[in-house]
Amino acid sequence: MVHPLVAEIGSPSKFDRIVAELTETGLSICDDFISPLLVNSMAHEARSLWQQGAFRHARVGRGSSLQVRPEIRNDNICWLDPENLTAIQRPYFNDLEILRHHINSKLFLGLFEFEGHFALYPQGSFYNIHYDRFIGALERMVTCIIYLNHEWTAEDGGALQLHEGTAASSLSLPMQVLPQGGRLVCFLSEAFPHEVLAANRDRLSLTGWFRIRP
Ligand SMILES: O=C(O)CCC(=O)C(=O)O
Ligand SMILES: [Fe+2]
């Protein structure tokens, strides 16, 4: 009989599974990446920040060409400060740090930091098809989104839709992913054009990117 502790050490962790999928297909979807309790606390924190006016209209473009373009995206975002994480944000960022090391040791991407923001899509909001890695944001290598919504159903809309990019993929694309609380979606930022379909109720997430040194 294998000792339970040995079995645990020998079985792949959620981090190993994500990195294996990223290597194979460029995409990984991991349910229950964080606990329901943490989903609730993070959602609660995001909502209080929203009520305090800490969110602003998300913009498109980069540098001096940043513009609010509600016909392209009309979500609201609140950037997080990695130097001043709250006690509620820290456990998720700790997990991301472990994930970053796993990715670097297998994929040799040289990921060096994470930048992220809460995103709130009020009812009716969407984000048109785009790439996360573009001229002006070439440091973004891996996109990581954790969803913070309770009991999301297909009728609620708001799916993340991933499309076929330039690289050949073994995935069946386009693919829709519902923003279910606790679900982590992780993909190579340059590999998939993607969009957020119109949400029929408020949609909360924490979206971010592992970056290489600019
Ligand atoms: O929330 C999502 O599912 C995707 C968001 C997104 O594509 C982005 O913020 O760049
Ligand atoms: Fe995106």
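Biologist: Which strands each supply at least two residues of the shell around ligand 1?

Modeller: In this predicted model, they are strand S10, residues 194-196, and strand S11, residues 203-211.

Biologist: And which residues surround ligand 1?

Modeller: The surrounding residues are Ala119, Tyr127, Asp132, Ile145, Leu160, Pro179, His194, Val196, Ser205 and Thr207.

Biologist: How does that shell divide by class?

Modeller: Six residues of the shell are nonpolar, three are polar and one is charged.

Biologist: Let us turn to the sheets. In what order do the strands of the seven-stranded sheet run?

Modeller: The order is S1-S9-S6-S11-S4-S3-S2, in an open sheet with antiparallel pairing. S1, residues 27-30, and S2 are the edge strands; each has a single partner strand, so one side of each lacks a neighbour in the sheet.

Biologist: What holds paired strands together in general?

Modeller: Strands of a sheet pair through backbone hydrogen bonds, in either a parallel or an antiparallel arrangement.

Biologist: Is strand S6 largely enclosed or largely open, and why?

Modeller: S6 covers residues 140-147, and seven of its eight residues are buried, so the rest of the structure largely encloses this strand.

Biologist: How many bridges does S6 form with S11?

Modeller: There are seven, and the two strands pair in the antiparallel sense. As one example, arginine 140 has arginine 211 of S11 as its bridge partner.

Biologist: And how many join S6 to S9?

Modeller: Five bridges link S6 to S9, residues 184-188, and these strands also run antiparallel. Cysteine 144 is bridged to cysteine 186 in S9, while isoleucine 146 is bridged to leucine 184.

Biologist: Which strands does helix H4 lie across?

Modeller: Helix H4, residues 90-107, lies across S4 (113-121), S6 and S11, and runs at about 145° to S6. Helix H2, residues 14-25, lies across S1 and S9, at about 150° to S1.

Biologist: Now the four-stranded sheet: what is its strand order?

Modeller: That sheet is open, with the order S5-S10-S7-S8 and antiparallel pairing. Its edge strands are S5 (127-130) and S8 (175-177), each of which pairs on one side only. On average, neighbouring strands here are turned by 15° against each other, direction ignored.

Biologist: How many bridges join S7 to S8?

Modeller: Three bridges connect S7, residues 160-162, with S8, and the two strands run antiparallel. Opposite leucine 162 stands methionine 175 of S8.

Biologist: What does UniProt record at residues 107-212?

Modeller: An unreviewed UniProt entry places the feature "domain: Fe2OG dioxygenase" there. In the model, residues 107-212 are 1% helix and 42% strand, and the end C-alpha atoms of that span lie 13 Å apart.

Biologist: Why does alanine 54 count as partly exposed?

Modeller: Alanine 54 has 14 C-beta neighbours inside 10 Å. A residue counts as buried at 20 or more and as exposed at 12 or fewer, so a value in between is classed as partly exposed.

Biologist: Which residues does alanine 54 touch?

Modeller: Leaving aside residues up to four places away in sequence, alanine 54 touches Leu49 and Cys78. Tryptophan 79 lies 25 residues away along the chain, and its C-alpha atom is separated from that of alanine 54 by 8.9 Å.

Notes: Residues are numbered from 1 along each chain as its sequence is written. Chains are lettered from A and ligands numbered from 1 in the order in which they are written. This is a predicted model: local features need pLDDT of at least 70, side-chain atom pairs count only at pLDDT 80 or more; totals for chains, interfaces and linings use all residues. A residue is near a molecule or strand if its C-beta atom, placed from the backbone, lies within 6 Å of it. Ala, Val, Leu, Ile, Met, Phe, Trp, Tyr, Cys and Pro count as nonpolar, Asp, Glu, Lys and Arg as charged, and the others, Gly among them, as polar. Two residues are in contact if their C-beta atoms, placed from the backbone, lie within 7 Å. Two strands pair if DSSP finds at least two bridges between them. Axes are lines fitted to C-alpha atoms, for helices over the stretch in contact, and angles run from 0 to 180 degrees between N-to-C directions. UniProt positions are given in the numbering used here, feature names are shortened, and annotations may be inferred rather than shown by experiment.
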